[in-house]
Structure formats: C-alpha cells, structure tokens
Amino acid sequence: MPNTFALKLKPNHLFWVKLIIHVAALAPLCLTFYQAFTDNLGGDPVTALLHFTGLGAFKLLLLSLLVTPLARVLKQGLLIRVRRLIGLYSFTYAFAHFASYILFDLQLDWSLLLSEIIKRPYITVGLIAWLILLALTLTSTKKAQRYLGKKWQSLHNWVYLAVMLVSVHFLWSVKSAILEPLIYMLITLLLLLYRRDKLKRIFKKRLNNTQKIQK
Amino acid sequence: MLIKVPKTSAAKENQITDESVYHRRRDIIKSMGFVGASSLLSSTSAQASFFGNDDKPFKTQALDYAPDAKQVSTKLTPEEKIITHNNFYEFGTGKSDPVENAQQFKVNPWLLSVEGLAENPFSLDYDDLFKQFPLEERIYRLRCVEAWSMVVPWIGFSLAALIKKAKPLSSAKYVAFETLYDPKQMPGQKNRFAGGGIDYPYVEGLRIDEAVHPLTLLSVGLYGKTLPPQNGAPIRLVVPWKYGFKSIKSITRIRLTDKRPPTSWNRLAPNEYGFYANVNPSVDHPRWSQASERRISGASLFSRNRIDTQMFNGYEEVAPLYDGMNLRKNF
C-alpha cells in the first residue's frame, strides 16, 4: 500500500527544490540591478539598491536559520541539504550590498570608506557580519569541511553572531521608522532562542577555555 | 572678471530638454500612445482597475512667474526624480510612499493663517497663495540631512514679503510653522509606526532674521507648475542653506513668537537634529558623514555624482546671520 503521506522529500525532489531557490533568489536580484542600471528604480536607485540587497541578504540568512527547525518539525531530514545553498545566496546579496555601497554610494572614495567604518558603529557592525559571512562562504565546500574537521563546526557557529550583528546594523541604520527592524530583530531572537541549548554549550566551552588559559 | 549678461531670448535652464529625455523621445511618444490606448480601454472596462492603481494622479496647473534671472551652471535634477523621491512621513516613511499615497490629497480649499505677535494677522485661501504676492522662479540646491541633494527650480515668493504684510511686533523673535493635521488624508498621522514615530502635526521654526532673509522662500510650485502633494502642496517653505527637513511642507499656520518654537526632528532625536540644522560639512550626523553628498541627477549609476558638501550649502551670504556663534554646538 502506498504511503498516504507521500509528501516525504526524496533525493530526486531536491533538484526541484534547489531550482526554485535558484530562481527565487537570482531573478529578483537580476531584475533589480537591471532596473537600477536603466534608471527605473525610483528617484534614487542607489538607495533602493542598498535597501533591496541588504534586506535580501538578511531575509535569506534568516531563512537559512529556519531550515533546521523546519526540517525537524516537518520531519523532512533532507531539507537540511538546501541550507548551504540559501546561506550562499545570503552572502551573494550581502556581497552585492557592500559592492553597491562602495561603487555607487561612496563611489570608490576609499578614505571615506575607512573613516565611515571606524566612526559609524552601524557600518562597523555590518562589516564584521559581512566578514563572518565571507569566511563561512569560503569554507562552505566539502573539501574545506574535511580539512577543518572539528574546527569547521565551531567556525560555522559564528553565523549566530553574524545574524545578531545584521539585525543591529539594520536597526541602527534607519532614521526613525524602527518598527520594521524591530520585527526582524524579534524573528532573529526567536531563531536564536530555538538554539538556546546549543548557544549555552558554546558559551560554556568558551568560558572554560578562557578559565583554563587564565589558570 | 567676466560677467555674463544673458539675452532675454536665451533659453532658461528649465526650457532645455534633458539629454536623456531627448534620446528617449521616440519611446516617450510610444508610451504616450499606450497611455492613450489604455485610457480608452479603462473607460469601457471596469476590470482595468483590477490590475493596478487606478487612482488618478494629482493635477498640477501651470503658473505665471518671473523666471530665475541668474544663469545657473549646475544641471537641474529631472522633474521625475524631484516628484518621486520624497521625505514626507505624513504619507509614509519610504522614499516612494509620498508619491504613491498622496495623489488624492485635497489642496483646495486651503487656509494658511499668519498670526501671533503681529499688528496685522491675516489668512490666505487657496487662490490667495498664488495671487497675493508676485511669483518668481528660484533655482536652489536642496541638501537632505541623509546626504543626498537635488537642484530644484522652485516657484514662489519671499517669506519676508508675507511677514512684512503681517507687520510683526518688535517682540517677535521667531517664526513657527505647522503642517496640516488631517489623519484622514495622511496615513502617517493616523498610525504612529506608519509616520516614523513623529508627533504630528509636523512643526518647524526659524529665527526671525533667518525667516526674512531674501533667500528664504515660500514655494507654491516647481518646474513651472503648482506643487504636487508629495512635494508639499499647496505651499511649503524652502530654506536652501539648511537641511531639507527644515523646509516644512503643506503649511497651514505661520506664527510669530517671542520663544524658540519646538521643531519635529529635534524633538524626536535632539542629539541628531538641532534647531538650526545649517548645512555644515564639518559637523557630522552622529551616524554618518556630512562632508560629501550624492547629487541626484538622473545620470548613470556609475557617474561620479558624489560631491563635496559646501558650508551653508554654498549660500555663503547667510554667514553673517551666525557671526560669533559656535556652529558645532548650535548644529
């Protein structure tokens, strides 16, 4: 008798799920850049690009953190296999965000970039998050995972810090309309709350390590 | 020194077709054809409204005015940019919210009352706004506190003329301004979050010597026509040497007073926005630099439109107003 709950994700379904993720992530990105280049993105395409890519990176990062709880609740273990892809797209958007900031907003004024990074806490925080995501992207291959062994997991735990920093970066960047960033911060906190046991373990381990060093 | 006196026949800035528009002339005519055809369709088919926003755009009217006599060497920001990129939190906090939410805004009838410490308080109705004082064009740079800027051909009259008519008492030291309060028309006033946390009505203020400075303008139009709602119809303030938020929109009340009036952004974040808010490249916003700005021009994404910000936005003639003042403290 065939299983009435035939919705169990199988390896051959994964191709289609991944295809949907590719299209859903790439199509809006390409379309928005096309609109920006043809000056069809509102009065100030630069600001529109920064907001779109920044928020896009954040949404994808949250989505990547939603995969694990979702796979558990829905009992779809295979879903975990799309987590890396979503994470990589989050960095793709983050890369487009930082590149747009340097190219179109600051227009390669490197000294301004440097002083903004030093002087503006919300830029500093954003850059740290970006560097963490860069490190995670560079070590996302199977080869890197094998090479790093146990260190790989502790490196990739930094994503929890990154998502918090992104949330703060968003909140600090707005002039006064704080409702939207607060909603995103709440979602971030809920996703971290789900991992409270793991986070506690990480903190304990770090604490123990520092105590050992002090002794 | 070479002084250029333009012939009266010479084309004014706003009469020159923007190059990008010129190159797109065939597309524009084509799209006009589409607009024409679609309007025919929508008149016969009620379903057309299902597919998009069928709100009629706000109608502006041509104005009679004296063109700006000064030859301005900087390029104007295209009209399309000026009327689609706005900060007007009464209609939402996004840059394109005002143009989307303000098209049904009613400007006629309107009442602007001029009151307070004056011998001759008076009020202006909608028609008076365009008839009481001769209208002139002023091409001004507009520098937003968010570090972007535009060049706008405003039409209006000096605030000084209006204040003179009110005959201020010698005790009048400040001028207070107030935007219309009408939550039914302005979604941002209805809901604290939609309006960015500002206490409405929006209020602004100037010292009286700033208010009567010849550069200070009450604007009723731009690009030859009456103002669209998103730009502050039917009447708004333009103080070109101050950050844009000082240039209060859709004004209903101008009050002469002896005390420094509260101002909206200062009330919301006093450490970030001062009463004076003079454009000053050496005093940064706590969260971003004010040393340079991006000039919104309609050019390509790769055009180098980041320019140095000038003290008083380049209007050095106002410097004497602040002689002996610490502008770092009085930001």
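Read along the sequence, chain A runs α-α-α-α-α-α-α-α-α-α. This is a predicted model, in which local features need pLDDT of at least 70 and side-chain atom pairs count only at pLDDT 80 or more, while totals for chains, interfaces and linings use all residues. Residues are numbered from 1 along each chain as its sequence is written, and chains are lettered from A and ligands numbered from 1 in the order in which they are written.

**Exercise 1. Describe the make-up of chain A.**

Step 1: Take the secondary structure. Chain A has ten helices and zero strands. Helices (H or I, at least four residues) and strands (E, at least two) are DSSP runs, numbered from the N terminus.

Step 2: Take the dimensions. The C-alpha trace of chain A spans about 60 × 60 × 35 Å along its principal axes.

Step 3: Take burial. Of the 215 residues in chain A, 23% are buried. Buried means 20 or more other C-beta atoms within 10 Å of the residue's own; exposed means 12 or fewer, and partly exposed lies in between, with C-beta atoms placed from the backbone.

Step 4: Take the contacts. Two residues are in contact if their C-beta atoms, placed from the backbone, lie within 7 Å. In chain A, residues 24 or more positions apart account for 63% of the contacts with a separation of 6 or more.

**Exercise 2. Work out how helix 2 of chain A packs on helix 8 of chain A.**

Step 1: Find the geometry. Helix 2 (residues 45-73) and helix 8 (residues 159-173) of chain A have axes that come within 11 Å and cross at roughly 150°. Axes are lines fitted to C-alpha atoms, for helices over the stretch in contact, and angles run from 0 to 180 degrees between N-to-C directions.

Step 2: Name the arrangement. The crossing angle therefore makes helix 2 of chain A roughly antiparallel to helix 8 of chain A. Angles over 145 degrees count as roughly antiparallel, under 35 as roughly parallel, 65 to 115 as roughly perpendicular and the rest as oblique.

Step 3: List the residues. Helix 2 of chain A brings F58(A), L61(A), L62(A) and L65(A), and helix 8 of chain A brings V163(A), V166(A) and F170(A).

Step 4: Sort them by class. This contact has seven nonpolar, no polar and no charged residues. Ala, Val, Leu, Ile, Met, Phe, Trp, Tyr, Cys and Pro count as nonpolar, Asp, Glu, Lys and Arg as charged, and the others, Gly among them, as polar.

**Exercise 3. Repeat this for helix 8 and helix 9 of chain A.**

Step 1: Find the geometry. Helix 8 and helix 9 (residues 179-194) of chain A pack at about 165°, with axes 9 Å apart. So helix 8 of chain A is roughly antiparallel to helix 9 of chain A.

Step 2: List the residues. Among them are Y160(A) and M164(A) of helix 8 of chain A, and P181(A) and Y184(A) of helix 9 of chain A.

Step 3: Sort them by class. The contact has nine nonpolar, two polar and no charged residues.

**Exercise 4. Count the residues where chain A meets chain B.**

Step 1: Chain B gives 22 residues and chain A gives 23 residues.

Step 2: The chain B side has seven nonpolar, nine polar and six charged residues.

**Exercise 5. Place N86(B) in chain B.**

Step 1: N86(B) sits in the loop between helix 3 (79-82) and helix 4 (97-101) of chain B.

Step 2: N86(B) is buried, because 24 other C-beta atoms lie within 10 Å.

Step 3: Leaving out residues up to four places away in sequence, N86(B) touches K95(B), P98(B), V99(B), Q230(B) and N231(B).
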